[in-house]
Amino acid sequence: MNIIQISEVLKNICGDCIGENFFDHFEHLDQKNNLDPQTLGISTDIRLKVVDGTVIGKWEEIGFQKSFLFAGEKVLLNHTQSQTQELINTKIDTEKTPDIKELFLVNMSHEIRTPMNAIISMTNQLSRTTLTDEQDYFTQTIQTASKNLLLIIDDILDLSRIDAGKLDLEYIGFNLKMILSEVMQQMMHKAEKKGLEIDYILRDDIDISPVLMGDPHRINQVIFNLLSNAIKFTDKGSVWLTAVVLQDDEDSQEIEILVRDTGIGMDPEFVNRLFDNFSQEHEAVSRQYGGIGLGMSISQKLIAQMNGHFNVESEKGVGSAISFVIKLKKGSNTDLPKAIKTIYNEELFVGRKILIVDDNETNRLVASTILLGYGAQVLNAEDGDVALHMVKEDAYDIILMDIQMPILDGYETTRILRQNEYSGTIIALTASVVQGERERCIAAGMDDYLTKPIIEEVLIDVIDSWIKKKPLDIPEPEFTQPLYSLEGLRIISKGREDFVTKMIELFCGQVPDALTNLNACFQENDLPQVSKLAHKLKSTIDHLEIKSIQRTIRDIEAVSEEGSRAELIPMIDEVNRVLNQVMEELQLEIEKRNQ
């Protein structure tokens, strides 16, 4: 690669080198004699060979016929066609690498989120049942561990998105004092469990604006990470959080948020690489305290994206003080999002039909369990093709649509439904968190988008809001509901029909006595015992999917000592009538199976 133009300043240093090879005069700053055409197009520190230690500049851009060196002065070069193609290919490969990395991480996240959805959701359902103290402890341990695993997955995805420049920050109104207080509430138990003092100190003269503009979720994430680290690396003493207004302008505030601890502290050498990806001080610390070394790296990148910076002070064996400074615009109450916490009763979706389309049996079970708790009539389809046939035969208030499925995926299934003028609500429910997924779902014809693991409150809020928007839009065809189903038993038995037969016989043998006891306790007005007997019958009714009395048996179970006996009469009668009818049909089923 020859020099074809050079400034007078550089000519005075290296002589008149027009026509000479560029590599005879310039080299890498740290890697002598290792400057080759493939490094062009990538920012590379270089220097003149004749001037020791002086950094002249970086490769800033590359064109098809020439490249430029900017250092206050410039060198214009020519290069061959093959070199140009090498540079172009290198540039393309460099740009592709982050996309390949992100795609891998997204796929990995999807595969992990699917079983995590079952673990988290079913553990939440288990925690609502009557448990011993030991069982409750085990359940809480599963919940904590699964949430921690999910945080690690989210951290890795965040890092990938930030590095690829694809993480978008929100810009909404929020109350910073409330965020600080909420983070303290979350971390207080963790600190007290270690015997640490933890405090939130905000001086009376600190006047933080009641509404600031920015991304409250990401600010919360950074503060949570700082406090979590402080507690993790402090074995005795205290941890405290504070905030200071450094500059208060008419339309903005510059604020410093500080976390100080009396923990193990850091060596100066480690402080210099504290914000590196996967940074751990040394192996012993990693083994003792855990973590993967991403929290501070992500925090620093998030604050930098907000045009802020970190300050770090630490002394080994004494403790650390880590703060970040950000400048935020002031807002008004109209900028605050409307946050209304709705409490729903168990009859919210009574009379509503919801179709769950998902190829994963566990995911269908998780969503069904949640929705049955609110009185919904739930049907399942294991792929898009089955869903299309079901929609032809029936109408649904809501369709929950998975994306990645065999035969017909969620996108194609939705497109076909919309082409056939289906006007019902379709909500994507997917483990995919790739950027732009929501937009793809909406473009395919879906109305809304939810991610797994399922957050029950969010799922119920979204479904309820769409049902309210389209309460009477879809004509309801006649629907004959089966009296019961053996599919639940087949799932439990993994298809063993001998097991299903035994369970049917067990049902027919036990239910008559259960009904006799239920009726006797009701006649004696022993309502607490009626509730207990209904609780026992509930699981049997659910296993056989006797949908017509699933809500009724739960209403009986919920009765209190002060409850109305008159209200129970029709419910008890309905349970007797339906269960006797089921037993009659199951007796015929047993005879057929034993022939």
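I am working with a predicted model, in which local features need pLDDT of at least 70, side-chain atom pairs count only at pLDDT 80 or more, and totals for chains, interfaces and linings use all residues. Residues are numbered from 1 along each chain as its sequence is written, and side-chain values use heavy atoms, with hydrogens and water left out.

I began with helix α16, residues 527–543, taking helices as DSSP runs of H or I with at least four residues, and strands as runs of E with at least two, numbered from the N terminus. Its 17 residues reach 25 Å from first C-alpha to last, close to the 24 Å expected at 1.5 Å a residue, the expectation being 1.5 Å times one less than the number of residues.

After α16 comes Glu545, with a positive phi near 50 degrees.

I next looked for disulfides, meaning pairs of cysteine sulfur atoms within 2.5 Å, and found zero in the structure. Cys441 counts as buried at 0% relative accessibility, and Cys508 is also buried, with a relative accessible area of 10%.

Note on methods. Buried < 20%, exposed > 50% of the residue type's maximum accessible area, 1.4 Å probe, protein only.
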